[in-house]
Structure formats: C-alpha cells, structure tokens
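Let us walk through this structure together, one piece at a time. Keep the picture beside you and turn it as you read.

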Amino acid sequence: MQVDRGFGIGKLFGIDIRVDWSWLFIFFLTTWNLATALANLHSEWNVVWRWGLAVAAALLFFASVLAHEMAHSLVARSRGMPVNRITLFLFGGVSNIEKEPESPGAEFVMAIVGPLASLIIGGVLLVVVMGLSGVTTLAMNRPNEALQQLGPVTTILIWVGAINVTLGIFNMIPGFPLDGGRVLRSILWSLTDNLHKATRWASWIGQGIAWLMILSGIAMTFGVQIPFFGSGLADGLWLAFIGWCLNTASSRSYQRLVIQDVLEDVRVSRMMRSHPSVIQPDITIAQLIDDHIMRSDDHAFPVIEQNALVGLVTLDDVRSVAPGQRQENSVRDIMTPVDALVTVAPEDAAATALQKLARNDVRQLPVIQDGALVGVLSRRSIVRWLQLHADAQI
Ligand SMILES: [Zn+2]
C-alpha cells in the first residue's frame with residue numbers, strides 16, 4: 001500500500017519512521033477517550049493530570065504499534081528483504097518492505113512476529129502490573145472497582161497492556177492482508193506450492209470474515225447481542241466500519257497480485273513511449289514551459305547533452321520554481337540528475353517497472369538500453385495497457 005501523506009519523525013535501526021495524517025485523528029480520539037474514562041474513574045484527579053496521563057498513554061500506544069511494525073521489519077531485513085520505511089496510519093502501521101517473501105517459511109515468520117511482539121508486550125505488562133497491585137481476583141468480578149484502586153502509572157500501564165493484547169489478537173484474524181491472513185497464506189502456500197492460489201484463498205477468507213463483521217455490526221445497531229462484541233449503535237457501527245476496511249484491503253491486495261501477474265509476462269518495450277521529446281539542459285525554465293510543456297501532454301522530459309541522458313525534469317520540478325525566477329534558472333538547476341534516477345531496461349518485465357514506480361513514488365521511468373535513452377515508461381501507459389488488456393485475463 002502506498003501511504004505517503006504525512007511527515008517523518010526520524011530513523012530507528014536505519015528505517016525511516018513516518019506518521020500519516022490519519023494517525024493524528026486516532027491519537028486525538030485515543031487521548032480524548034482515555035481522558036473521559038479517567039474522569040469517570042478518578043474524579044479526584046485534577047483535569048490537567050488526567051489529560052497528561054491520557055496523552056502519555058496515547059504516546060505509549062504509538063510506541064506499541066511501532067514495536068509491532070519494527071518486529072516485522074527487522075525480521076524482513078534479516079531475511080534479505082530491505083525495508084525503506086514504516087508508516088503509522090489509521091489502523092496501525094505499514095512496513096514498506098521492498099520484496100515479497102521468497103518462501104512460505106519466510107512469510108510465516110515475518111508475519112507472525114508482529115502479533116507475537118504485541119502479545120508479549122501486552123502479556124508482560126498485564127502480569128507485572130496486576131501482580132504488583134494485587135487486583136487480579138477483584139478485576140475478574142468488578143473491573144471498575146479494581147481500576148479505581150490503581151494509581152496513575154499502573155492505570156495507564158494496564159491500559160497499554162490491554163491495547164497490546166487487543167492489537168495482537170486483531171492482527172491474527174486470518175484475513176489477508178492482516179498478519180493472520182499472511183500466516184494463513186504461508187500455510188496454504190506451503191501446502192499447495194502455489195502463491196497465487198494461496199493468496200486467492202486467503203483473500204476470500206478475508207472478505208468472508210469482513211462481511212461477517214459488517215453484518216454483525218449492522219445486527220448490533222439493531223440491538224442484537226453478538227458474543228464478545230456486545231450490542232449497541234456505536235460499537236456496531238465501529239465493527240461494521242472495520243469490516244468494510246478489511247473487505248476493501250482484502251480485495252485490493254488480491255487485485256494487485258493479479259495485476260502483477262498479468263504484467264509479469266509483458267516487456268517494458270511494449271508499453272513505453274519511444275522517441276520521447278527531449279530537451280537541452282541549458283534552456284531556461286520559461287523556455288521549457290513555452291516550447292515543450294505547453295506543446296505536449298508529457299509530465300516529464302528527459303534531459304539530453306551530447307546524446308547522453310543527464311537528467312529528468314518533471315512538471316513538479318517546474319512548479320517548485322517561483323514564476324518570477326523562471327527566466328533566470330535553467331533546466332539543469334532543477335532537474336533530477338541521472339545518478340539519482342531510477343531507470344528500467346526495455347526487456348525488463350512491466351511488473352518490475354510497476355514495482356519501481358510504486359517504491360520510488362515517481363510517475364515515470366526513463367528506459368535505458370546500452371547507456372542510451374530509448375523511451376519513457378509512465379504510470380499512465382501501464383494503466384492504459386491494463387485497461388485494454390487486463391479485462392480478458394483477470
Ligand atoms: Zn502486523
């Protein structure tokens with residue numbers, strides 16, 4: 001999944017950590033929820049203290065999700081699958097792992113360590129805190145009374161412990177692309193020796209579970225009691241919403257696999273645009289706009305000097321220069337130099353090109369053969385090709 005709105009917050013073990021804007025919403029919701037719960041449990045604590053604790057707990061929740069993703073990423077890396085970044089968003093995290101696992105065993109280990117990390121963190125916290133405060137038996141019968149006896153630190157640690165256990169259990173739901181679905185896929189993969197078939201089954205099961213959640217959620221809004229989930233409008237809508245998201249993710253990840261499969265058999269040379277319009281590095285940006293951009297539909301222009309590719313300039317590069325400065329600056333000043341460009345060869349599979357486009361978040365790739373530019377492959381061309389060819393095959 002390409003989640004790229006948001007901001008970076010630093011590096012951990014050499015992996016970029018990013019936060020998607022949607023995560024801020026969850027952060028706010030969590031803090032608010034918790035502050036409200038604390039107000040009911042401990043009206044004797046003052047309001048600043050309660051909100052401070054809620055923020056601290058929400059930050060620990062953030063660290064928990066990060067630990068879960070870190071477990072996936074570190075195992076992936078130790079198995080030779082490089083990890084660029086981890087992005088935290090609405091429903092947790094996504095590790096941007098560059099390759100699909102090469103064997104069922106690798107996938108199994110990579111998938112299961114995430115929920116395992118959550119369950120271990122959660123289990124240890126709950127056991128330690130309950131052991132220290134001695135509320136275990138009381139908690140079984142009268143949880144609210146037990147919580148009221150806890151101090152501030154133990155209260156948030158119990159909450160963080162419980163949320164980690166929930167995170168671990170939720171991710172083990174056997175619907176692809178959740179971790180549990182990946183575990184299931186790895187088992188089916190090793191049984192059938194067919195990744196495609198395994199993915200199809202795991203994603204069907206995922207969609208089945210998703211529909212079950214949607215229907216149960218709807219039933220709950222009408223007052224039906226569902227085991228573990230209870231009843232009621234808010235909880236029902238929430239369950240249905242999660243089911244709907246799982247359904248979308250499940251069918252989308254299967255579609256992606258089908259697309260990859262279709263593109264595996266097609267060469268870049270069949271989709272690329274040969275003889276793209278090229279430009280010289282020393283023309284001004286104003287000239288680039290007047291003589292090239294306004295006269296074509298292209299989004300990117302290869303820059304050629306003495307018959308060799310020296311860079312690529314895109315509409316986004318041009319937009320980054322203030323209109324007043326477009327007379328003074330040349331294309332060379334704003335282009336992406338050739339060393340920093342990601343390129344493909346005409347005989348590469350289109351699937352490889354699509355992966356490179358997605359991974360580097362670019363819209364087009366120069367196609368290079370024996371050091372010379374022979375074409376440009378854009379996302380649009382791939383989409384057009386799929387529109388024309390995929391229907392018959394999907
Ligand atoms: Zn996970």
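Helix α9 covers residues 233-264, and at 1.5 Å a residue its 32 residues should span 46 Å; the C-alpha atoms at its ends are 46 Å apart, which agrees. The expected span here is 1.5 Å times one less than the number of residues in the helix. Helices (H or I, at least four residues) and strands (E, at least two) are DSSP runs, numbered from the N terminus.

Before going on, two notes on reading the model. This is a predicted model, in which local features need pLDDT of at least 70 and side-chain atom pairs count only at pLDDT 80 or more, while totals for chains, interfaces and linings use all residues. Residues are numbered from 1 along each chain as its sequence is written.

Which residues of α9 are buried? Among them are Gly236, Leu239, Ala240 and Tyr254. A residue is called buried if 20 or more other C-beta atoms lie within 10 Å of its own, exposed if 12 or fewer, and partly exposed in between, with C-beta atoms placed from the backbone. The buried residues of α9 pack against α8 (195-221) and α14 (350-360).

Now step back to the whole chain. It has 15 helices and 10 strands, and its C-alpha atoms fill a box of roughly 80 × 55 × 45 Å along the principal axes. Of the 394 residues, 33% are buried. The chain is divided into domain 1 (7-264) and domain 2 (268-393), with bounds that come from an automatic or database domain assignment. The C-alpha centres of these two domains lie 39 Å apart.

Strand β1 (residues 7-12) runs antiparallel to β2, joined to it by 5 bridges; two strands pair if DSSP finds at least two bridges between them. β1 and β2 form a hairpin with 2 residues between them, and Phe13 in the turn has a positive phi of about 50°. Leu12 has Ile15 in β2 as its bridge partner. Strand β2 (residues 15-19) also pairs with β3, this time in the parallel sense, over 4 bridges. There, Ile17 stands opposite Ile86, and Arg18 stands opposite Thr87. Why is β3 (residues 83-89) described as largely enclosed by the rest of the structure? Because 5 of its 7 residues are buried.

Another sheet is open and has 3 strands, in the order β5-β10-β9, with antiparallel pairing. β5 (273-274) and β9 (364-369) stand at its edges with a single partner strand each, so one side of each has no neighbour in the sheet. β9 pairs with β10 (residues 372-378) over 6 bridges, and Leu365 stands opposite Leu377 in β10.

Finally, turn to the nonpolar cores. A nonpolar core is a set of buried Ala, Val, Leu, Ile, Met, Phe, Trp, Tyr and Cys residues joined through C-beta atoms within 7 Å. The largest one has 52 residues, of which Ala57, Trp159 and Val160 touch the most other members. Its largest share, 10 residues, comes from α2. Apart from this core lies another, of 24 residues, among them Met272, Ile285, Leu288 and Ala350. Helix α2 (residues 47-78) also holds Val48, which has 8 C-beta neighbours inside 10 Å and therefore counts as exposed.

Technical notes
Contact = placed C-beta atoms within 7 Å.
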